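This report describes selected features of a protein structure.

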Amino acid sequence: MGQIERHPPLPAEGTLSLEPQVLADLRERAAQAATGPGRGARLRDAARALAGRGGIFALTLGAATLAILPVVLATGADLGVTAQAFLDGSLGSRFAISETLVQMIPLLIAGLAVAVSFHAGLFNMGVEGQLIFGGLIAGVIGATLELPPALLSVLCLAGGVAGGALMALVPAALKAWRGVHEVVTTIMMNFIARSLAIYAVSPSGPFVSASQPSATEKIPRGAKLPVIWDGTRLHAGLLIALAVMVGLWWLLYRTPLGYRIRLVGANARAARASGVSVGRVTVATLLISGGIGGLAGAVQVLGVYGRFFDSFSAGYGWTGIAVALLAGLSPFGTLVSSFFFAMLASGAVQMQAVAGISREMINVVSGLVVGFVAIQPATLHLARAIRARFGPKARPLTGDPRE
Amino acid sequence: MSDFLSISLLGSMLSLGIPIILPMLGGLICERSGVVNIGLEGLMLAGAFGAVLFSWLTGSAWLGLGGAMLCGLLGGGLLAVMTVTLRGDQVVAATAINLAAAGLTAALVPAIWGIDGTTPSVPQIPDMQLPVLPELPWVGPAFAQVTLIDALVFALVFAVWWVLMRTDLGLSLRACGESAASADAAGIPVLGIRFWAVAVSGVFAALGGAYLSIVMLDVFQASMTQGRGFLALAAMVFGKWRVGPALVVSLAFGLAEAMALQAQIYVERLPHELLFALPYVLALVALATFVGRASGPADVGKPFHRA
């Protein structure tokens, strides 16, 4: 990249509009930037950033895999057999792939729910409870209202979103108005949501099915999410999950609210100083996060079971934390990390049957991944030190002067 | 109904309060030194599991207790390496501990005993009465509810208060939590103190877990701690990071749990699934009415390194 160009003269302080000449100049630059010589550099930067992300992703996973090896060996399993069972169970057949995708749906949505809260510097640890309560509301609506199937379906999903947001409302209000840290309150809400859900379908509960204990009545077949891959369980929830992913990316990077969310997350004091209502952004973020979490539950109820079971969530909300952190909170990255954890979940059945590895190992992997993300600043520092000592000399800076 | 408010409620308040008091003490030591510890839940699980494992291996419940402390020290030490030495995010690192401990303990039960969920019975810490006190007139029956272990726990509470508030070590530890830079300038080894505070908090949490698994019961169950580590944290916050008030709040949570249990027995047709949520609702209410935002240690949550 050639020389660094100077900024056009900025308008004098106090003037509200740019002079026409300056404005035209800026427009021309913008047009040039989209097609002109700057484009290659930006693409290269983007590619480099992506490679960096991918490198961190691979390093984190590699480290977690290494760390889990002794545990797997300690349980007396054969490594080769375990790895084979994992791959067979998650990708080995048409059925295995479809089951992996089925597992990916709640993990992807839950991961996005966690990610949006982390973007605002908020720790929504209550996704599990929001998911359960959202699933309950969806199941109750589906089992009690008599409406045309398509409308019922939409209403169930909306109810799930509302239920999840409701579970997030208490921590949001406490955080915004009483300054109570959201970590403990969101976790408390998990236990409350679970009790409510267990009670609702307990023998004396108001929504328990007449024929099936610990569950609501079935949702009419037509209101269930349709299967989108013949002969498998893969349902339209995948499309919903992908839509949420794109929508969240749009929200975070293309809307004023998303900008405020990221600003609050980067520096709440600076955000406040520049006129952002941190309390309002906090409440909005937690409600969005909770709503997405509730949607994950509703999609699972409508897509897989067709009714609410009190134990339908296999800890998706907790795994969602690892999904979001492994992805570096990137919405599109979440697609990759949720697929990885979905492979673990669907491979777990086979691993349990063939190699005797407990399904609980998923939580261990989640914990390891989260742990390695926690110490990432230190490991990246180390990696940089090693590269500076042994690697190629750093190239001189080119391109974007902001680097 | 008279049974409902009987002496036995006092006893179950104590035995349900202690698994909250012990991790609360750990959290308090940890946060007073400047490190947030939401990993108490996972460290409790590690302790509950370690207690049963070592009790099973050695045939001695007391060695089980030692095993729990060892697991807690290892878990706490790991958290300390992540948060103090490597300056990782304290909430994220503790979440890692919680996830890994929940997964690992649940996965090891079938790997070791060949059955899912609950372990077989292992040697249990015996119920030992206090000497003399139960024979006293009037107050005797109340003391009869208190076991020797309970009394030791209260001695431990006093010891923690004493060390924190009445010794040089405690003063140094609190200085690290209030202003790590000033403590460092005064020659206090901030990183060392924080490291050991986090590690020791693991031991306290593990003892709380062991109380559940080999004092109250004689088995380990997957996720048997049921959020008590988080309740302990809420008790500490509502007690404004002070031993005495936090002790009272912990006991109140224990009482709520005890009442929920007794109501289930004595009052018919009560939705006990909802009563189960009582301590958590109480904790939320406590946090909501919590006044004075700035009463936590000033430097809590901030990793320290010399500029």
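## Helix 6 of chain B

Helix 6 of chain B (residues 148–166) has 19 residues, which should span 27 Å at 1.5 Å a residue, and this agrees with the 26 Å between its end C-alpha atoms. The expected span is 1.5 Å times one less than the number of residues. Helices (H or I, at least four residues) and strands (E, at least two) are DSSP runs, numbered from the N terminus.

The buried residues of helix 6 of chain B are I149(B), D150(B), V153(B), V157(B), V160(B) and L164(B). They lie on the same side of the helix, because they cover an arc of only 105° around the axis. The arc is that of the directions from the helix axis to the C-beta atoms. Exposed residues on the face turned away from the buried side are L152(B), F158(B) and R166(B). Here buried means under 20% relative accessible area, exposed means over 50%, and partly exposed is in between, with a 1.4 Å probe and protein chains only. An α-helix has 3.6 residues a turn, so residues three or four places apart point the same way.

## Basis of the model

This is a predicted model, in which local features need pLDDT of at least 70 and side-chain atom pairs count only at pLDDT 80 or more, while totals for chains, interfaces and linings use all residues. Residues are numbered from 1 along each chain as its sequence is written, chains are lettered from A and ligands numbered from 1 in the order in which they are written, and side-chain values use heavy atoms, with hydrogens and water left out.

## Chain A and its helix 3

Chain A contains 15 helices and zero strands. Of its 403 residues, 48% count as buried. Taken along the principal axes, the C-alpha atoms of chain A fill a box of roughly 75 × 55 × 45 Å.

Helix 3 of chain A (residues 79–91) has 13 residues, and its first and last C-alpha atoms are 18 Å apart, close to the 18 Å expected at 1.5 Å a residue. T82(A), A85(A), F86(A), G89(A) and S90(A) are the buried residues of this helix. Seen down the axis of helix 3 of chain A, they fall within an arc of 110°, so they line one face of the helix. At the start of the helix, a side-chain oxygen of D78(A) comes to within 3.1 Å of the backbone nitrogen of G80(A).

## Loops and contacts in chain A

N124(A) sits in the loop between helix 4 (94–119) and helix 5 of chain A. N124(A) is buried, with a relative accessible area of 0%. Its side chain makes a polar contact of 3.1 Å with that of Q130(A). A polar contact is a pair of N or O atoms within 3.5 Å; within protein, one must be able to donate a hydrogen and the other to accept it, and residues adjacent in sequence count only if both atoms are side-chain atoms.

L329(A) lies in the loop between helix 12 and helix 13 of chain A. Its phi is near 70°, a positive value in a residue other than glycine, and L329(A) counts as buried at 17% relative accessibility. The backbone oxygen of L329(A) is 2.8 Å from a polar atom of the side chain of H119(A). H119(A) belongs to helix 4 of chain A and counts as buried at 14% relative accessibility.

V373(A), in helix 14 of chain A, is buried with a relative accessible area of 13%. V373(A) and G328(A) are 45 residues apart in sequence, and their C-alpha atoms are 8.5 Å apart in space.

## Two residues of chain B

Q226(B) is in the loop between helix 9 (190–216) and helix 10 (228–238) of chain B. Q226(B) is not a glycine, yet has a positive phi of about 50°. With a relative accessible area of 23%, Q226(B) is partly exposed.

L65(B) is in helix 3 of chain B (residues 61–85) and counts as buried at 18% relative accessibility. L65(B) and M44(B) are 21 residues apart in sequence and 12 Å apart in space, C-alpha to C-alpha.

## The second largest pocket

The second largest pocket holds about 1,100 Å³ of space. On a 1 Å grid over the protein atoms alone, a pocket is an open set of points where a 1.4 Å probe fits, with protein on both sides within 12 Å along at least five of seven lines; lining residues have an atom within 4 Å of a point. Grid points are joined across faces, edges and corners, and a volume is the space filled by probe spheres set on the points.

The lining of this pocket has 40 residues, and R194(A), G315(A), W318(A), N363(A) and S223(B) lie nearest its centre. Among the helices that each supply at least two lining residues are helix 7 (182–200) and helix 13 (331–355) of chain A and helix 4 (90–113) of chain B. By class, the lining has 20 nonpolar, 14 polar and six charged residues. Ala, Val, Leu, Ile, Met, Phe, Trp, Tyr, Cys and Pro count as nonpolar, Asp, Glu, Lys and Arg as charged, and the others, Gly among them, as polar.
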